[in-house]
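Please keep the sequence and the structure in view while reading.

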Amino acid sequence: MNDMRGGQRGGDAVLSEAEVAARVDALISRMSLAEKVGQLCQIGGVSFAEGPKPEEIIRQGGAGSVLWLNDAKQFNALQRIAVEESPSRIPLLFALDVIHGYRTIFPVPLAMASSWDPSVAERAQAVAAKEARAAGLHWTFGPMLDIARDARWGRIVEGSGEDPYLGAAMAAAQVRGFQGPHLGAPDHVVACAKHFAGYGAADGGRDYDPVFLSEAQLRNVYFPPFRSALEAGVGTFMSAYMDLNNVPASGNAFLLRDTLRTEWGFQGFVVSDAFAVGSLVTQGFARDGSDAALRALKAGVDMDMASNTYAQHLAKLVREDKLSIADIDAAVRPILAVKVRMGLFEHPYADEAKLEKVATLAEHRREARIAAHRSMVLLKNEGGVLPLPKTVKNLAVIGPLADSKEATEGSWMVFGHKPAAVTILEGVRAKLPGVNVAYAPGPEIRREVPSMFEDFFPETKRPAQSPQDAEAAYNAAIAVARAADTVIMVLGENADMAGEAASRDSLDLPGRQQELLAEVVALGKRVVLVLLNGRPLGITWAAQHVPAILEAWEPGTEGGNAVADILFGDVNPGGKLPVTFPRKASHAPLYYARTLTHQPEDNPRYRSRYWEGLTTPLYPFGFGLSYTTFTIEKLKLSSSKIQVGSSLSVTAQVTNTGKVSGDEVVQLYIHQRSGSDSRPLRELKGFERVSLNPGETRTVAFTLGPDELGYWSASAGRWLQDPAAFDVWIGSDSRAALHGELDVVS
Ligand code: NOJ
């Protein structure tokens, strides 16, 4: 049961369930049908609105929430209309996408998942919430919880990667960070678990395309992060856009009503994705707007985001007896309950001076820098090239992203945000005062088809570099590299190359970056590659030819400082990949938790692969290096035989065997050898990031019980736990070799 953890009375005592219900009932009893429908409508803010002005709609009580507006003055102006002029004086909820920071930008969610440290995500989202709330926002459309196993899918950047166990841990942490101890806690916002569900499995990795997932895949792989968010008390859910098994997610009663409400007991409210109720017609599901409104509401969408379909049709559907007042009330109730819990009736207005005080807090920058440190993954470090000595001479920083604030802050900025990141170039220069750091960007990179955000924000459009200028920039970069002894290449993707409507058919470095990299490497310099990107890239050539590679992702406002801290040894990297890196796009989707085939992997001729080359990952799930070394040994099971339903503990010892302090992420994997269904080759069932001084040893302990050993069985059509033999591994990535055996008996 999800109780959304109480609520508050404008900063005072937490309200009980009964108090909230009584206040909601009192409101409902005096609302007209039109006003009730109004609460179910979320409208675009002033600059995005078409048709009647938001002020007018709000004055009539025709809106429960406003999105795509980011201006405290305008929030207050609209709120004043809602609470002083609308019939029942119900305050508005102001909502926006605050995905990885409001003003202080944190690493993108995929990067934060690379920390394998849920407290990183929790602290980041707490800072994001504090700034967003100070700006007058109440509700964020995050966390994004879609499991993503296809690196081509652009929205992989917004989630926590491919694994349900890691994803569930990050989901709960983000909800705690955004919402605080209870809904309505000061300096926090309401979170939204999105996009329910299955969106990450789009056919071909093409955003918005249909998804076909069995119930077993949904329940075992795609639902766990959502379930975890629910258990952490998330206030709202967002329904996804795409068809799930031929039923659009925003009209999908199996998802929204049967699973979320009835089975899981969710008590908050469900908002559709933008325009998704209206899109039920476009998707060839609903006959017309009226049918769309009817079926979305019946399926369990409480609030219509921006499509205006509820506003146009719900009241008429009630008058025609196709919907009852009870149907409408059931949707209105949880929306009002969130407003009551958030204390909006007592404190509807934003303090317009607060944001500047909050967003400039030094601790926010400090948190952002730590989050960036902990998110970065060292992929290669041949011959200990890294860390570089601070006495380095003749250093050059090269690449189109080296001085890009946009690429450093990454995908999904809040509306109106001006990127203000410390770039990698700036970070390196600040780290080495007095050293002359040469710089050349090389040719720019850009998407062939412009991002949809360019349409929304035309001011972000830049004229393309001419072929002559690009050629000159290329030659200048080579000349700068030639004059250097050490070259830091900063390559990857622009911020608009991942995210919504940003899928790719290639995982190559876009533009001429690969050519530039190869030519710089051919000069025989000491080359370090720093990657800024929002998805796994097919860097097979670099993995063979560049001695050191740091996956910095899109590291946020403090990204450049954090990269410099790592490159020059002030911080030892300890992140691990939350996604498999395929060798190339044609290998996607590629993920570690596949089931066995009838031709085991070591059969070279028949194994599941293409004949052109290996389809094993370039870098496996869970992988990441450190400047020190670790051993993991002495795997011990508290018992080698247990009964179905009982638990055991699994321990191992991890030791820092190197010369510097560092972090290891100890990971536990299992495999069920036979049973009602075939089970994945390996499944993550425990992890812990530990910091160890040189020579230090720690014992790490995990529990395996029914939650870890059971699963939703396709053949039985229910949750079960088989009596079966299990392999258990503990190690530093998904190839862990330290092995034990467990017998589960009935
Ligand atoms: C569409 C996106 O799919 C969703 O993630 C986002 O929250 C909404 N637009 C609102 O901006």
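With which residue does Lys 576 form a salt bridge? The partner is Glu 664, and the closest N and O atoms of the pair are 2.7 Å apart; a salt bridge here is a side-chain nitrogen of Lys or Arg within 4 Å of a carboxyl oxygen of Asp or Glu.

## Basis of the model

This is a predicted model, in which local features need pLDDT of at least 70 and side-chain atom pairs count only at pLDDT 80 or more, while totals for chains, interfaces and linings use all residues. Residues are numbered from 1 along each chain as its sequence is written, and side-chain values use heavy atoms, with hydrogens and water left out.

## Two domains and their interface

The domain assignment, which is automatic or from a database, gives domain 1 (362-579) and domain 2 (630-745). Their centres, taken over C-alpha atoms, are separated by 36 Å.

Between them the two domains bury about 560 Å², which is the accessible area (1.4 Å probe) lost on being put together, summed over both. Arg 374, Asn 572 and Lys 576 supply 79% of the area that domain 1 buries against domain 2. The count of salt bridges between the domains is two.

## Cysteines without a bond

The structure holds zero disulfides, a disulfide being a pair of cysteine sulfur atoms within 2.5 Å. The sulfur of Cys 41 is too far for a bond because the closest cysteine sulfur, in Cys 192, is 17 Å away.
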